[in-house]
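Please have the sequence and the structure open while I speak, and we will go from the whole protein down to two of its parts.

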Amino acid sequence: MGAARRCRLLLLVLAAAWAPCFSERLRSRRWPVPYRRFDYRPKPDPYCQARYTFCPTGSAIPVMKEEDVIEVYRLQTPVWEFKYGDLLGHLKIMHDAVGFKSSLTGKNYTMEWYELFQLGNCTFPHLRPGMDAPFWCNQGAACFYEGIDDAHWKENGTLVLVTTISGTMFNEMAKWVKYDNETGIYYETWKVQASPDNQSTIWFDSYECSKFIQRTYQKLADLGAVFRKIQTNYTSIILFSGEPVYLGNETSIFGSLGNKTVAGAIRDFYYPFKPHQTVGEFFVDLLKIIDRVILNGQFYLFYNLEYWFLPMKYPYLKIIYEEVPLPVGSKTSFDV
């Protein structure tokens with residue numbers, strides 16, 4: 001690392017360390033940083049546009065009859081399977097959902113949680129002309145619709161019965177989904193931890209499709225659902241770093257009284273992640289990313305509408321497909 005870059009990085013860390021209220025944050029810091037929930041979901045900015053329309057066939061969650069018996073299915077398939085087939089499945093980059101089938105009506109339904117404006121927009125911001133702060137299109141939301149596309153889930157993935165619930169339990173779950181969807185609104189791609197060791201400190205946890213499915217299963221278990229004994233694995237994209245350094249929010253960094261050094265470093269970091277027009281541009285920026293993240297160990301994370309500096313370390317990034325067991329309930333079951 002050159003002397004100038006070392007000096008700039010030192011200034012950046014010192015600036016963050018002496019930021020207002022930082023000492024108070026240190027005294028109360030706990031890891032992982034809790035995911036922030038909000039009072040309401042804001043309307044997306046018109047600038048944010050999706051290549052594929054979010055939840056095009058979505059519908060309201062129906063109210064089931066209390067005596068109904070509803071089968072619950074685990075659904076999993078490679079990300080973008082509809083376009084690339086099993087390509088991302090070879091890398092174990094999987095998308096998760098949950099299916100329901102009513103015994104009284106014979107109707108089945110799919111429920112999932114994913115990005116409003118695709119994964120790239122949730123992971124990296126836009127650097128818009130005339131705007132100092134990076135611009136994010138990173139909302140995610142639940143989508144519920146009638147039908148289960150058997151071929152989509154079965155051909156390269158999973159469609160398997162995991163439990164059976166009553167109509168009462170389903171209706172209680174639906175109330176919880178409404179709350180969860182209105183308060184947990186931002187997609188978080190990265191899980192960040194100290195090392196590959198299973199017991200290592202987790203600095204930040206992801207908040208994406210698989211986490212929604214795991215929360216749904218846990219809610220059903222709390223309502224009394226008894227799950228079958230099957231193995232369930234989920235995809236995590238992990239960054240490895242030393243202890244993160246808090247930098248501030250958009251106002252404290254990019255506002256009129258903001259930290260220009262930190263602001264410039266964040267914008268410089270995100271610039272190579274912009275959408276590319278040519279193959280040549282892509283490879284030039286890829287080299288810049290490798291230089292910044294791997295050779296110089298720098299990453300800037302946006303989490304809970306705040307920026308953090310991650311001192312990256314080997315192995316830097318890893319995609320894992322790890323087992324997370326189905327939950328065990330914490331209260332007496334409703335009759336099924």
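Before I count anything, let me say that helices, with at least four residues, and strands, with at least two, are DSSP runs, numbered from the N terminus. In this model, which is a predicted one, the secondary structure comes to ten helices and eleven strands.

Taking the protein as a whole, buried residues make up 47% of its 336 residues, where buried means under 20% relative accessible area. The protein exposes about 17,400 Å², and carbon and sulfur atoms supply 56% of that area. If we take the contacts between residues at least 6 apart in sequence, 79% of them join residues at least 24 apart.

Let us turn to helix α7, residues 209-222, whose 14 residues reach 20 Å from the first C-alpha to the last, close to the 20 Å expected at 1.5 Å a residue. Ten of the 14 residues of α7 are buried, so this helix is largely enclosed by the rest of the structure. Among those buried residues are Phe-212, Ile-213 and Leu-220, and also Lys-211 and Arg-215. Just after α7 comes Gly-224, which takes a positive phi of about 120°.

Which strand does β9 pair with? Its partner is β11, residues 306-323, and the two run in the antiparallel sense over four bridges. To find one of these pairs on your screen, look for Tyr-246, whose bridge partner in β11 is Trp-308.

Definitions and conventions
Residues numbered from 1 in each chain as written. Predicted model: local features only at pLDDT ≥ 70, side-chain atom pairs only at ≥ 80, totals over all residues. Heavy atoms only, no water. Pairing = 2+ DSSP bridges. Buried < 20%, exposed > 50% of the residue type's maximum accessible area, 1.4 Å probe, protein only. Contact = heavy atoms within 4.5 Å. Areas by Shrake-Rupley, 256 points an atom, 1.4 Å probe, with all protein chains shown as cover. Expected span 1.5 Å × (residues − 1).
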